[in-house]
Number of protein chains: 2
Amino acid sequence: MIGGLASGLRSRFPILDQAHVIRTMAHRVQELLVLVVLAIFPKAIFGKLNCSSKAGDAPVAVAEGSNGYCLSWRLAVEANNIRAWRTVPPQCQRHVESYMTGGQYDRDLNLIADQVMAYADGIAVSDDGMDAWVLDIDDTCISNMFYYKGKRYGCDPFDATGFKAWAVQGECPAISTVLQLFQKLVEDGFKVILLTGRDQETLGLATFNNLLNQGFLGYERMIMRTPAYKGQSAIIFKSDIRRQLVEEGYRIWGNIGDQWSDLQGQFVGNRTFKIPNPMYFVP
Amino acid sequence: MIGGLASGLRSRFPILDQAHVIRTMAHRVQELLVLVVLAIFPKAIFGKLNCSSKAGDAPVAVAEGSNGYCLSWRLAVEANNIRAWRTVPPQCQRHVESYMTGGQYDRDLNLIADQVMAYADGIAVSDDGMDAWVLDIDDTCISNMFYYKGKRYGCDPFDATGFKAWAVQGECPAISTVLQLFQKLVEDGFKVILLTGRDQETLGLATFNNLLNQGFLGYERMIMRTPAYKGQSAIIFKSDIRRQLVEEGYRIWGNIGDQWSDLQGQFVGNRTFKIPNPMYFVP
């Protein structure tokens, strides 16, 4: 570019002006260099980035501002350190959305599934048909994420009518990692018992069909909330159901759910597995 | 720089060679521009950064490669989904180091402390002196992070001799967030009982002094592992101690520990709080 400019100058200006031309060119090149450096430097040096540049290094970025808080909040939810929360903190809506849809939720599910399978592989399944696993349904087997997207990923308070209208359609997609896990447990000879707080009277048929259309075939039982358990906390309700299962002779080897209320109380099972869910809390 | 070069050239070369000089200068400037751009471009454009630049946005970086795996691994540890792990996965050493030292661990502690205090504030402490909290010691009250730094943040297997040599010095620093929590619980009138799997015979005095020199004053009791409990898992040992406390009449309102084995078993307390610890697992 600059070579072409030089030869063009030579033919157009008298020799006596070439010194002036050299100075002018020099100034323009100086300006150009400054512009190039300023255009690139801010992003490399002055920006608020604090990132490592190699995959596999320390966390790719130091969490800043509300993202650091949201990481703390979400971890506390998963570790059972926060209870009875009604909505996702408003500053964490995007964090929750990114977590659920950006790949990390899927990675987390895969690791948990590996843990479940490694554990299940170590169990000698008896011929008596009493080796059982208990699985929750909502956001464990099937996903309500599409519904919660319309509820700002949990920033909006729980809307019982809205949720029922969604669930009764029976179109919640399978959480594929858990579907594969379910299928493996059934193949291995475990009795898989699906235990849900969903109301049997209003959602019984829709839930039955939803599980069917998503491939959850071969479970031993699907147990829903009957009128006798109306208004009880999930911990109380599910503990009582599991007590009955144990009294029938089932050995609950594993208990998988997205809520700590699926995994607490009595007869929780030999091991529990918490599926991540930062969108809502069920007491 | 270039202006000075141009006037220097004018005085040193005959007019007939100035065209050649212009071309030479042009080439040198082109080379200089290319060098400047190449020096800066890789870091700004070709590096494996994937970072947002505004605080408060969606997670500041999409986790890549082993960092995504390590986030899953650490979350699974905190959610009690992985058990009996002997070492931190080798590819996660820097992740754990960054987590522990880069600020997120401190943020996580602060949020947990807020939860503890909000819960404790809602308890009407009785005059009978039987409202209690149980706290673990290692990596709950006092930190062994300096020791674990020398053990690659948990990538090295547990070294009983090495740990004892460290602990017997009695110089573990307080985890200041938990110290403040401890002090508040004592001020509120709770009986704070420190319960540790540390061996009383070898580490009794060192632990007593360490707590003292770090400001943990006013606890009701410090209970350590006596010979009768030698070789038992922490779940069994601590459950038995808590059983005895409950039989004495204590109401265990809260139970704080960095290991799930502090928080499981029998008489776990009305609420449990898991302090993050991705460095080691105590069965």
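# Close-up views of a predicted two-chain model

**View 1. Thr272(B) and its contacts.** Leaving aside neighbours within four places in sequence, Thr272(B) is in contact with Asn80(A), Asn81(A), Arg83(A), Asn255(B) and Leu263(B), where contact means heavy atoms within 4.5 Å. The model is predicted, so local features need pLDDT of at least 70 and side-chain atom pairs count only at pLDDT 80 or more, while totals for chains, interfaces and linings use all residues. Residues are numbered from 1 along each chain as its sequence is written, chains are lettered from A and ligands numbered from 1 in the order in which they are written, and side-chain values use heavy atoms, with hydrogens and water left out. Thr272(B) lies in strand β5 of chain B; helices (H or I, at least four residues) and strands (E, at least two) are DSSP runs, numbered from the N terminus. Thr272(B) counts as buried because its relative accessibility is 8%. Buried means under 20% relative accessible area, exposed means over 50%, and partly exposed lies in between (1.4 Å probe, protein chains only).

View 2. Strand β4 of chain B, residues 251-257, pairs with β5(B) in the parallel sense over 4 bridges; two strands pair if DSSP finds at least two bridges between them. Opposite Phe273(B) in β5(B) stands Ile256(B).

View 3. Of the 9 residues of β2(B), 7 are buried, and the strand is mostly covered. β1(B) and β2(B) run parallel and are joined by 4 bridges. Val134(B) stands opposite Ile193(B) in β2(B). β2(B) also pairs with β3(B), again in the parallel sense and over 4 bridges. Here Leu195(B) has Ile223(B) in β3(B) as its bridge partner.

**View 4. Helix α10 of chain B.** This helix covers residues 234-248, and its 15 residues reach 21 Å from the first C-alpha to the last, close to the 21 Å expected at 1.5 Å a residue. The expected span is 1.5 Å times one less than the number of residues in the helix. Ala234(B), Phe237(B), Lys238(B), Ser239(B), Ile241(B), Arg242(B) and Leu245(B) are the buried residues of α10(B). Their cover includes β1 (131-135), β2 (191-199), β3 (221-225), β4 and α11 (260-263) of chain B. Just after α10(B), Gly249(B) takes a positive phi of about 115°.

**View 5. Helix α9 of chain A.** The 14 residues of α9(A), residues 200-213, should span 20 Å at 1.5 Å a residue, which agrees with the 18 Å between its end C-alpha atoms. Leu203(A), Gly204(A), Ala206(A), Thr207(A), Asn210(A) and Leu211(A) are buried in this helix. The buried residues of α9(A) pack against α7 (160-167), β2 (191-199) and β3 (221-225) of chain A.

**View 6. Asn81(B) in its loop.** Asn81(B) is found between α3 (65-78) and α4 (93-101) of chain B, in the loop. At 1% relative accessibility, Asn81(B) counts as buried. Beyond its neighbours within four places in sequence, Asn81(B) is in contact with Ile112(A), Gln115(A), Arg271(A), Thr272(A), Phe273(A), Lys274(A) and Ala76(B).

**View 7. Leu71(B) in helix α3 of chain B.** Leu71(B) lies in this helix. Is Leu71(B) buried or partly exposed? Leu71(B) counts as partly exposed, because its relative accessibility is 26%. Its C-alpha atom is separated by 32 Å from that of Ala165(B), 94 residues apart along the chain.
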